[in-house]
Amino acid sequence: MSALHAQAAIARRQGEPGGKLAARRTERRDRLVASALLAALIVGWVANFVSVKQLSLGLSDLLAYALTRQA
């Protein structure tokens with residue numbers, strides 16, 4: 001029985017790098033999903049206070065100001 005345990009331990013050690021790499025990939029994917037969800041929530045929250053018309057007017061004013069500054 002101890003020989004079977006030794007073989008299992010060797011197999012686990014050989015499989016560790018792949019397991020750790022897969023765990024890191026999963027962790028990165030989880031962080032990416034969490035970041036995207038947080039960004040979507042922030043955009044939704046801002047949309048409650050700023051209308052699209054106000055945003056477009058503000059951007060056009062900003063662009064006009066930037067163009068006059070460059071000239």
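**View 1. Trp45 and Phe49 sit about one helical turn apart in helix H1**. Trp45 and Phe49 both belong to helix H1, which covers residues 2-49, and because they are four residues apart there, about one helical turn separates them. The model shown here, as in every view that follows, is a predicted one. A pair of aromatic rings is described by two quantities, namely the distance of the centres and the angle of the planes. One aromatic pair is counted in this structure. It is formed by the rings of Trp45 and Phe49, whose centres are 5.1 Å apart and whose planes meet at 70°, so that the pair is classed as edge-to-face, given that planes over 60 degrees apart fall into that class. Trp45 counts as exposed because its relative accessibility is 53%, and Phe49, with a relative accessible area of 58%, is exposed as well.

**View 2. Nine nonpolar residues make a surface patch**. The patch has an area of about 900 Å² and is made by Leu38, Ile42, Trp45, Val46, Phe49, Val50, Leu55, Leu59 and Leu62, so the two residues of the aromatic pair, Trp45 and Phe49, are also members of the patch. Helix H1 and helix H2, the latter spanning residues 52-70, each supply at least two of the patch residues, and the largest share, five residues, comes from H1. One of the patch residues is Ile42, which lies in helix H1 and counts as partly exposed because its relative accessibility is 45%.

**View 3. Arg31 and Glu27 form a salt bridge**. When the whole structure is searched, one salt bridge is found, and in this contact between Arg31 and Glu27 the closest N and O atoms are 3.0 Å apart. Arg31 and Glu27 are four residues apart in helix H1, so about one helical turn lies between them. The two partners fall into separate accessibility classes: Arg31 counts as exposed, because its relative accessibility is 56%, whereas Glu27 is partly exposed, with a relative accessible area of 40%.

**View 4. The chain as a whole, as a setting for the close-ups.** Of the 71 residues in the chain, buried residues make up 0%. The accessible surface of the chain comes to about 6,700 Å², and 66% of this surface belongs to carbon and sulfur atoms.

Methods:
Residues are numbered from 1 along each chain as its sequence is written. This is a predicted model: local features need pLDDT of at least 70, side-chain atom pairs count only at pLDDT 80 or more; totals for chains, interfaces and linings use all residues. Side-chain values use heavy atoms; hydrogens and water are left out. Rings of Phe, Tyr and Trp (its six-membered ring) pair if their centres lie within 6.5 Å; planes under 30 degrees apart count as stacked, over 60 as edge-to-face and the rest as tilted. Buried means under 20% relative accessible area, exposed over 50%, partly exposed in between (1.4 Å probe, protein chains only). Patches are made of residues with over 30% relative accessible area and no salt bridge: like charges are joined within 9 Å, nonpolar side chains (Val, Leu, Ile, Met, Phe, Trp, Tyr) within 5 Å. Accessible areas come from the Shrake-Rupley method with a 1.4 Å probe; for residues, only the protein chains shown count as cover. A salt bridge is a side-chain nitrogen of Lys or Arg within 4 Å of a carboxyl oxygen of Asp or Glu.
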